[in-house]
Amino acid sequence: MEHTDPPIRVRNYRESDETAWVRTRVLAFLDTSYRDDVQMYRERYENPSVRLVAEDTSSRQLVGLMDIEYENKPGEVCNFTGERGGIIWHLAVLPEYRNVGIAQKLWEEALVQLEGAGIHRLQVWTQDDEPANHWYVARGFELKHSYLNVFARGFIDKGPLNELLVGADKTWEFGHIRNLNFEADSSQRERLEALSYRIHEVRGYELDLKKVLPSS
Ligand SMILES: CC(C)(COP(=O)(O)OP(=O)(O)OC[C@H]1O[C@@H](n2cnc3c(N)ncnc32)[C@H](O)[C@@H]1OP(=O)(O)O)[C@@H](O)C(=O)NCCC(=O)NCCS
């Protein structure tokens, strides 16, 4: 698992990585549509998981991470059924370390561990960031679902937000919505563009490893 230029080692996550992991995740999302998805903790999974980090061995800094939770029984984690699967919950590489194959190295180690666990089907949800979508599609992931992640703000007594917030107290003195974030069906995009300042398409991909890896 040793690589040169930069000297990167992919290894299993350790509990002592927690603070560095949280910081790496936030920094790696800052230039993406997930920039406001700041998480101050590292979640614990109910099911088994592949938890990998990429470490720059010259600085001992974490520069990338990948988490995949997988099922003991079909349907526990994924929304497809029929066989046990896994979900990629996190994949991130620091901006200054991208495009030199670090996510690919994490992926190769994840595939070994998934094979060992007998998992051959994966799911991932990501937004409309071009590098992430390109990365998943290049590895054989197929688009299966999509919906909208909508952000709106403004004064509720004026404009389209008034219409949207049926039942809200529109007489409230401090009636300024700082941020209203909600999910919506993709068919509503045109209407929602009129009242939002930011919309992301959330895309659900699936991968059947048996199709892309002949040895699986
Ligand atoms: C998506 C993301 C994880 C990819 O990480 P990465 O380490 O840059 O990915 P890789 O280097 O493995 O692959 C990127 C491209 O780099 C290029 N590349 C790979 N190895 C390379 C090398 N040794 N030298 C030069 N370029 C290389 C390839 O062209 C590859 O394209 P491909 O997908 O067609 O193979 C990264 O862009 C990221 O962290 N984005 C922000 C977080 C995010 O959006 N995560 C997904 C949310 S679920």
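Student: What makes E2 and E3 count as paired strands, and in which sense do they pair?

Tutor: This is a predicted model, and in it strand E2 (residues 49-56) and E3 share eight bridges in the antiparallel sense. The cut-off for pairing is at least two bridges, so E2 and E3 count as paired. One example is Val50, whose bridge partner in E3 is Ile68. The two strands form a hairpin with four residues between them, and Arg60 in that turn has a positive phi of about 65°.

Student: How do you know that E3 also pairs with E4?

Tutor: Same test. Seven bridges join E3 to E4, and the two run antiparallel; pairing needs at least two. Leu65 stands opposite Ala92 in E4.

Student: Why is E3 called largely enclosed?

Tutor: Because nine of the 10 residues of E3 are buried. Each of those falls under 20% relative accessible area, the cut-off for buried.

Student: What makes Asp17 buried, and where does Asp17 sit?

Tutor: Asp17 is in the loop between strand E1 (8-12) and H1. Its relative accessibility is 7%, and buried means under 20%, so Asp17 counts as buried. Leaving aside residues up to four places away in sequence, Asp17 touches Arg11, Asn12, Val53 and Leu62.

Student: What makes Glu55 and Arg11 a salt bridge?

Tutor: Their closest N and O atoms are 3.4 Å apart. The rule asks for a Lys or Arg side-chain nitrogen within 4 Å of an Asp or Glu carboxyl oxygen, so the pair qualifies. Glu55 is in strand E2 and Arg11 in strand E1, 44 residues apart, and the pair links distant parts of the chain. Both Glu55 and Arg11 are buried.

Student: Why do you say that Arg25 and Asp37 tie parts of the chain together?

Tutor: Their side chains meet in a salt bridge at 3.0 Å, N to O. Arg25 lies in helix H1 and Asp37 in the loop between H1 and E2, so the pair ties together parts that are 12 residues apart in sequence. Arg25 counts as buried at 2% relative accessibility, whereas Asp37 is partly exposed at 33%.

Student: How do you know that Lys210 and Glu83 form a salt bridge?

Tutor: The closest N and O atoms of Lys210 and Glu83 are 3.2 Å apart, and the cut-off is within 4 Å. Lys210 lies in helix H6 (residues 209-212) and Glu83 in the loop between E3 and E4, so the bridge ties together parts that are 127 residues apart in sequence. Salt bridges that share partners also join Arg9, Arg11, Asp17, Glu55 and Arg60 into one network.

Student: Why are the buried residues of H3 said to be on the same side?

Tutor: In helix H3 (residues 130-138), Asn133, Trp135 and Tyr136 are buried. They cover an arc of only 160° around the axis, which puts them on the same side of H3. On the other side, Glu130, Pro131, His134 and Ala138 are exposed. Among the elements covering the buried residues of H3 are strand E3 (61-70) and helix H2 (102-117).

Technical notes:
Residues are numbered from 1 along each chain as its sequence is written. This is a predicted model: local features need pLDDT of at least 70, side-chain atom pairs count only at pLDDT 80 or more; totals for chains, interfaces and linings use all residues. Side-chain values use heavy atoms; hydrogens and water are left out. Buried means under 20% relative accessible area, exposed over 50%, partly exposed in between (1.4 Å probe, protein chains only). The arc is that of the directions from the helix axis to the C-beta atoms. Contact means heavy atoms within 4.5 Å.
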